[in-house]
Amino acid sequence: MKDKTVEDISETIEDEKIKQRVQIESVQPKINGGRFPVKRIVEDTVKVEADIFVDGNNELSAVLLYREEDHSKWTETPMEHSVNDRWVGEFKVSEIGQWKYSICAWIDHFKSWQRDFKKRVEAEQNVEIDILIGLELINSALKKASTRDKEKLNNIIGKLSNKRNKAEANKAALSDELKKIMAKYPDRANAVTYRELTVIVDPKIARFSAWYEMFPRSAGSIPGKHGTFKDVISRLPYIADMGFSVLYLPPVHPVGLQFRKGKNNSVNAEKGAVGSPWAIGSKEGGHYAINPQLGTLKDFQELIREAGKLGISIALDIAYQCSPDHPYVTEHPEWFRKRPDNTIQYAENPPKKYQDIYPLDFETADWQGLWDELKNIVIYWIKQDVKIFRVDNPHTKDLSFWEWMISGIKKEYPEVIFLSEAFTRPKLLYRLAKLGFSQSYNYFPWRNTKWELTEFITELTKTEAKEFFRANLWTNTPDILTEYLQVGGQNAFKIRFILAATLGANYGIYGPAFELCVNRPLGVNSEEYLDSEKYEIKLWKRDGTESLRPLITKINQIRNDNEALQYDDNLEFYPIDNDSLLCYGKHSPDFSEILIIIVNLDPRWAQSGWVELPLSKFGIGDKKPYQVQDLLTGVRYLWNGPRNFVKLDPSKACAHIFRVRRYHHTEKSFDYYL
């Protein structure tokens, strides 16, 4: 016998009551016994399953209950018995916000009676008493029935009561009409209702997005001159033409002067050093203020409007930390941790020191005042029409705060999206997602081999994690230049981009460093960029011939044109007999759209192998020809059977993105559709 988990035991204690005959167990989806909500996107269907059973041989009925949180009335939809006491139902979430769902089940005496009555009739037994029992059940329903249904039930009662025409009575008792009417007026005296569960419903951009990160101060066109929001506006067509839907800006607030960092994180800032944008706060203000070198609040609002015209949402960085010059340091010294020498503790990640940043102390006695202020910062920027926030290092802050803050924000502003920038341990990473973060950074940058990628992505898309964790696959960040990118040349950048953009429905790049394939590290065994943009203004030559801009544009177009790439849980890995080749696919629910992606993980050498596809699952016969068209090049290949040969030479192409085309015998041609 399988041992019960702590969750199973607590569920039993909570749910089972004395004389409660109907049992509801193993409800899915349900996170940590219902402690946390599951996540969906507006217009999604929520499929709910449960084990529902009762003692003896009674028939059961069950309904799935659902409602928007601020609605008091439940909507019901029938649940259907699947197999081995497993029941299934589903409902659609038509609005963003928070929804509730539950299950109600009861012993259905009429269904039990009709089932047994049928057996007795087939066995040619005397059913006079059984008809009387059925009449009692029907008369009970008659009291609740509508006028029209009462007429129908009275007609059936008349037939059942006619002892001279037993055949007609038996036929009426077993009719579908009676079954349907009785299902509308069940006796729920013994009904059991499961506890309420929650689903958070986000806008579609939470499921499908392409992020582009850039530093506004590097948006200018004059060497050394600080860029402005107006300069960013001039760069919007460049970003929009590549197909990005989100433009993420590092902190746009005033930068502190005390202990300002210089080039390459030097503690001795040279004259004119601009410092790190994450060292927030100066005499010009803190988290509510705009760095005057970038422009004004009016300029920022204009940027949001102009980006919106091009289909781009602006994501703002929320970094809950301060420079020594931040107004909070003097106005709320109790929000910072003091060292024995009475100086404020600056940020550290030994051996790294960040003297230009003071962490906020979430153990302060005035924690409630701190929490309220941090929430008000987000609300302020929401009122400036920012709807997406990338949150810096949330895993270093009180987890209770995030649950309180995000739930409070989303109750009032359900359209808001929070991206968790936490490259941290899986348990902590998952807990942040459960607490409310809409999307999450993750270990993708360091998953390079076929085995690593397969195991990692499978966990995110095929386990319970898919119910609450939405991965955002980033190729690089201002802090992360992986060894693979450092040593693999331009092909490494191509490979990582194709993987991020096709394995994940959400992905991001830090540009223009990425599309220009910047790969010089600060030093040996370092993932920091040499001459990092975090500490200086860059003048990027965005239109160089070596730019990956054409590839990025093409793949974003493919993502937008092929809906299968806009989901995560439809991902399947397929066998290919070469560890340097990764094959996977995404498809629509009815397989009318099937994409097969094959990537050469080796940035230097050509690799070949035989791929195996589940043609029967695709609805293609093993011996029928079919065509695969490479959406990157337009080239078409005629394949036969499940096993086919592929070869990828990175000097020519690092990947295929195939769309399957079936052969139409009537039209004597290949088509995309069934």
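Reader: Is Glu124 buried or exposed?
Author: Exposed, with a relative accessible area of 74%. The cut-offs are under 20% for buried, over 50% for exposed, and partly exposed in between (1.4 Å probe, protein chains only).

Reader: Before more, what kind of model is this?
Author: This is a predicted model: local features need pLDDT of at least 70, side-chain atom pairs count only at pLDDT 80 or more, and totals for chains, interfaces and linings use all residues. Residues are numbered from 1 along each chain as its sequence is written, and side-chain values use heavy atoms, with hydrogens and water left out.

Reader: Back to Glu124. What is its phi?
Author: Near 60°, a positive value in a residue other than glycine. Glu124 sits in the loop between α2 (109-122) and α3. Helices (H or I, at least four residues) and strands (E, at least two) are DSSP runs, numbered from the N terminus.

Reader: And what about phi of Phe591?
Author: Phe591 has a positive phi as well, near 65°. Its loop runs between β24 and β25 (594-600). Phe591 counts as buried, at 14% relative accessibility. Most residues other than glycine have a negative phi, and most peptide bonds are trans.

Reader: Which peptide bond is cis at Pro351?
Author: The one from Pro350 to Pro351, with omega near 5°. Pro351 is in the loop between β15 (347-349) and β16 (352-354). Another cis bond joins Gly511 and Pro512, with omega about -5°. Pro512 lies in the loop between β22 (506-510) and α15.

Reader: Switching to charges. How many salt bridges?
Author: The whole structure has 36. Each needs a side-chain nitrogen of Lys or Arg within 4 Å of a carboxyl oxygen of Asp or Glu.

Reader: What does Asp149 pair with?
Author: Lys184, at 2.7 Å, N to O. Asp149 lies in helix α4 (residues 147-161) and Lys184 in helix α6 (residues 176-184), so the pair ties together parts that are 35 residues apart in sequence. Asp149 is buried, at 4%.

Reader: What about Arg390 and Glu421: buried or exposed?
Author: Arg390 is buried at 3% relative accessibility. Glu421 is buried at 6%. Their side chains form a salt bridge of 3.5 Å, N to O. Arg390 is in strand β18 (residues 388-392) and Glu421 in strand β19 (residues 417-421), so this bridge links parts 31 residues apart in sequence.

Reader: What is the N to O distance for Lys586 and Asp568?
Author: That salt bridge has 3.9 Å, N to O. Lys586 is buried at 1% relative accessibility, whereas Asp568 is partly exposed at 21%. Elsewhere, salt bridges that share partners join Lys47, Glu49, Asp51 and Arg86 into one network.

Reader: How many cavities of 30 Å³ or more?
Author: The search finds 1. About 100 Å³ of space lies in the largest cavity. On a 1 Å grid over the protein atoms alone, a cavity is a set of points where a 1.4 Å probe fits but cannot get out; lining residues have an atom within 4 Å of a point. Volume is the space filled by probe spheres set on the points, which are joined across faces, edges and corners.

Reader: What lines the largest cavity?
Author: There are 14 lining residues, with Arg217, Pro251, Pro277, Asn291 and Leu294 nearest its centre.

Reader: Last one. How many residues does the chain have?
Author: The chain has 674, and 54% of them count as buried. It holds 16 helices and 31 strands.

Conventions. On a 1 Å grid over the protein atoms alone, a cavity is a set of points where a 1.4 Å probe fits but cannot get out, and a pocket is an open set with protein on both sides within 12 Å along at least five of seven lines; lining residues have an atom within 4 Å of a point.
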